[in-house]
Amino acid sequence: MDFDFSAILLALTVLFGVVWGLDRLLLYRKRKARFAAAGEEYRDPAPVDWARSLFPVIFVVLVLRSFVAEPFRIPSGSMMPTLDVGDFILVNKFAYGLRLPAFNNKMVGIGEPKRGDVVVFRFPGYICQDDNGKTVRSGDMTCADPHAPVASQNWIKRVIGLPGDTLEVHDSQIVINGKPVADTQIGSFKGNPARPEDNELLYYNASVWSEQLGPVNHLIARMPARGPTPPIPNAKVPAVVPPNCYIVMGDDRENSEDSRWWGCMPEQNLVGKAFMIWLSWKGWGTGYVDFHRIGTVIH
């Protein structure tokens, strides 16, 4: 989505709060006295009544979504097999600090991402060079327009590289600080060919692997037949992860547009840490609700 729901909630909260507050401060007493003098039952004007009724509801929703947990829906297969298309997840909004709604400025630092965390973040844009040779973030993947606006979108990936790490990535092979990431093949991917996201993995004979990133053991999908992916380091991603930046990748390694394409993810773009699947919808006629995935803790 290209619109910011948090910004909409914040704007509505401010609007209703101002309408209700100014009315109570400047107009309420005179209006109440007028009704009393006329012997009529008091009632607020419709706009004030709406503001008074909706302000506390929207304020509570804003606080919960901004500082406690926020729901998201997985729109693509880049995190398969960990997260499937149609999974509805909850994201911990205070795991990496309390941030100002809509503006995303950190107010209170609580923690930092750890290797293996599944994080939601605001897409930072593609690293490009402008006409003056300055490095900028652009919404244009080709960098033909280095100043193209970056879409306001929330993305989800797994943290691979931390600030200061020395990283090498060749397709699905990852080396961190000189040590290869341990992985073990489990078997072939099994899915429903009627689902487009499953069908692609089946078409390219994808295999499922268990990968160990620090304390986190999780599953990844590999399909080398789909074609090579950009290595790290490359022109946009140095070997050493810059300060306040993270290298993130999808678990479907050959089908994820991630840091290998657009560079590191700045700390200021963090939204939160994904921690649970609360609903999983496979689609009409292709599985409907997957009850086995409901309540799954995300690793």
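View 1. The UniProt record, an unreviewed entry, lists residues 50-68 as "transmembrane region"; UniProt positions follow the numbering used here, feature names are shortened, and annotations may be inferred rather than shown by experiment. This is a predicted model, in which local features need pLDDT of at least 70 and side-chain atom pairs count only at pLDDT 80 or more, whereas totals for chains, interfaces and linings use all residues. Residues are numbered from 1 along each chain as its sequence is written, and side-chain values use heavy atoms, with hydrogens and water left out. The span of residues 50-68 is 95% helix and 0% strand, and its end C-alpha atoms lie 26 Å apart; helices (H or I, at least four residues) and strands (E, at least two) are DSSP runs, numbered from the N terminus. Helix α2 has 22 residues and reaches 31 Å from its first C-alpha to its last, close to the 32 Å expected at 1.5 Å a residue, where the expected span is 1.5 Å times one less than the number of residues. At L54 in α2 there is a kink of about 35 degrees, shortly before the proline P56; the bend at a residue is the angle between axes fitted to the seven residues ending there and the seven starting there. Among the residues of α2, V48, A51, I58, L62, R65 and S66 are buried, a term that means under 20% relative accessible area, with exposed over 50% and partly exposed in between (1.4 Å probe, protein chains only).

**View 2. A nonpolar patch on the surface.** The residues F59, V60, L64, V68, F94, L100, F103, M107, V108 and I110 form this patch, and together they have about 890 Å² of accessible area. The elements that give two or more residues to the nonpolar patch are α2 (46-67) and β4 (106-108), and the largest share, 3 residues, comes from α2. Patches are made of residues with over 30% relative accessible area and no salt bridge, with like charges joined within 9 Å and nonpolar side chains (Val, Leu, Ile, Met, Phe, Trp, Tyr) within 5 Å. Accessible areas come from the Shrake-Rupley method with a 1.4 Å probe, and for residues only the protein chains shown count as cover. F103 sits in the loop between β3 (98-99) and β4, and F103 counts as exposed because its relative accessible area is 55%.

**View 3. Salt bridges around R24.** The structure holds 24 salt bridges, each defined as a side-chain nitrogen of Lys or Arg within 4 Å of a carboxyl oxygen of Asp or Glu. D23 forms one with R24, and the closest N and O atoms of this pair are 3.0 Å apart; D23 is buried, with a relative accessible area of 4%, while R24 counts as partly exposed at 29%. R24 also forms a salt bridge with D44, whose closest N and O atoms are 3.2 Å apart. This second pair links distant parts of the chain, since D44 is in the loop between α1 (5-37) and α2 and R24 is in helix α1, 20 residues apart. At 15% relative accessibility, D44 counts as buried.

View 4. The side chains of D183 and R222 meet in a salt bridge of 2.4 Å, N to O. The pair links distant parts of the chain, with D183 in strand β12 (residues 182-188) and R222 in strand β14 (residues 216-222), 39 residues apart. D183 counts as partly exposed at 23% relative accessibility, whereas R222 is buried, with a relative accessible area of 6%.

View 5. D171 lies in the loop between β9 (167-170) and β10 (173-176), and at 31% relative accessibility D171 counts as partly exposed. D171 and E254 are 83 residues apart in sequence, and their C-alpha atoms are 7.2 Å apart in space. G272, in strand β17 (residues 270-280), counts as buried at 1% relative accessibility. Between G272 and L27 there are 245 residues of separation in sequence and 42 Å in space, C-alpha to C-alpha.

**View 6. The annotated domain within the chain.** The unreviewed UniProt entry gives the annotation "domain: Peptidase S26" to residues 49-278. Over these residues the chain is 13% helix and 37% strand, and the end C-alpha atoms are 35 Å apart. The protein chain has 4 helices and 17 strands, and of its 299 residues 43% count as buried. Taken along the principal axes, its C-alpha atoms fill a box of roughly 85 × 55 × 35 Å.
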